Amino acid sequence: MATSPKNSCIYCSLALEGDRTAGVMYEDERVVAIKEPNPAAEHHFVIIPRKHVPSYNDLTEDDISLLEHMKAVGNNLILNQVGPQQDTLLGFLPKALSSVAHLNMQCVTLPLTCGWVRSLAYKPLVFFTIDDLIGEVKESCYNL
């Protein structure tokens with residue numbers, strides 16, 4: 001069951017109600033995956049945790065397994081949608097570029113099909129990969 005501190009979070013509403021008009025591709029007890037309504041590539045979807053987490057800055061040690069689950073779901077969806085040979089990006093846009101204050105993982109195949117300005121959001125200095133985020137959260141929790 002999703003937890004939401006605010007009824008105004010569109011992603012919490014989606015996770016609670018399972019709005020089929022949102023293009024739900026996958027769901028389980030922890031996450032919902034939807035097609036990105038404004039895709040940056042031929043295959044672009046978003047994985048949203050049912051638990052309300054405002055951004056990756058709010059993650060704790062308890063969320064490491066959620067991030068690992070999001071990664072597994074993203075990899076499986078990419079494999080099922082486009083096959084194993086497709087180059088992909090799995091990760092997070094910075095809070096300033098995210099339109100919803102709810103953690104969401106972008107799953108994007110390459111090449112990008114969006115304009116060059118938008119494509120800058122998916123560059124290494126801006127885009128935070130899932131592997132980097134898992135490493136950062138572990139490091140901050142365990143001081144490794």
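Which residues do ring pairs link into a cluster? Select Tyr56, Phe92 and Phe128: ring pairs link these into a cluster.

Before going further, some ground rules. This is a predicted model, where local features need pLDDT of at least 70 and side-chain atom pairs count only at pLDDT 80 or more, while totals for chains, interfaces and linings use all residues. Residues are numbered from 1 along each chain as its sequence is written, and side-chain values use heavy atoms, with hydrogens and water left out.

**Stop 1: the rings**

The structure holds 3 aromatic pairs (ring centres of Phe, Tyr or the six-membered ring of Trp within 6.5 Å; planes under 30 degrees apart are stacked, over 60 edge-to-face, the rest tilted). Tyr56 sits in the loop between strand 3 and helix 2 and Phe92 in strand 4, 36 residues apart. Helices (H or I, at least four residues) and strands (E, at least two) are DSSP runs, numbered from the N terminus.

Phe128 belongs to strand 6, so the pair ties Tyr56 to a part 72 residues apart in sequence. Tyr56 is buried at 19% relative accessible area; buried means under 20%, exposed over 50%, partly exposed in between (1.4 Å probe, protein chains only). Phe92 is buried as well.

**Stop 2: strand 4**

Stay with Phe92 and color its strand. 4 of the 5 residues of strand 4 are buried, so the strand is largely enclosed by the rest of the structure. Strands pair here if DSSP finds at least two bridges between them. Strand 4 runs antiparallel to strand 5, with 4 bridges, and antiparallel to strand 6 (residues 128-129), with 2 bridges. Click on Gly91: its bridge partner in strand 5 is Gln106, and in strand 6 it is Thr129.

**Stop 3: the nonpolar core**

The largest nonpolar core has 23 residues, and Ile47, Leu59, Leu67, Met70, Phe92, Leu103 and Met105 touch the most other members. Such a core is a set of buried Ala, Val, Leu, Ile, Met, Phe, Trp, Tyr and Cys residues joined through side-chain atoms within 4.5 Å. Elements giving two or more residues include strand 2 (31-35), strand 3 (44-49) and helix 2 (64-82). The largest share, 7 residues, comes from helix 2.

Center on Ile47. Leaving aside neighbours within four places in sequence, its contacts (heavy atoms within 4.5 Å) include Val31, Ala33, Met70, Val73, Leu103 and Cys107.

**Stop 4: the salt bridges**

How many salt bridges does a search of the whole structure find? There are 4 (a side-chain nitrogen of Lys or Arg within 4 Å of a carboxyl oxygen of Asp or Glu).

- Glu27 and Arg50: the closest N and O atoms are 2.8 Å apart. Glu27 is in strand 1 (residues 24-27) and Arg50 in the loop between strand 3 and helix 2. Arg50 counts as buried at 10%, whereas Glu27 is partly exposed at 31%.
- Asp63 and Lys51: 2.5 Å, N to O. Both lie in the loop between strand 3 and helix 2, so the pair ties together parts 12 residues apart. Asp63 is buried at 3%, while Lys51 is partly exposed at 36%.
- Glu68 and Lys138: the closest N and O atoms are 3.4 Å apart. Glu68 is in helix 2 and Lys138 in helix 4, so this pair ties together parts 70 residues apart.
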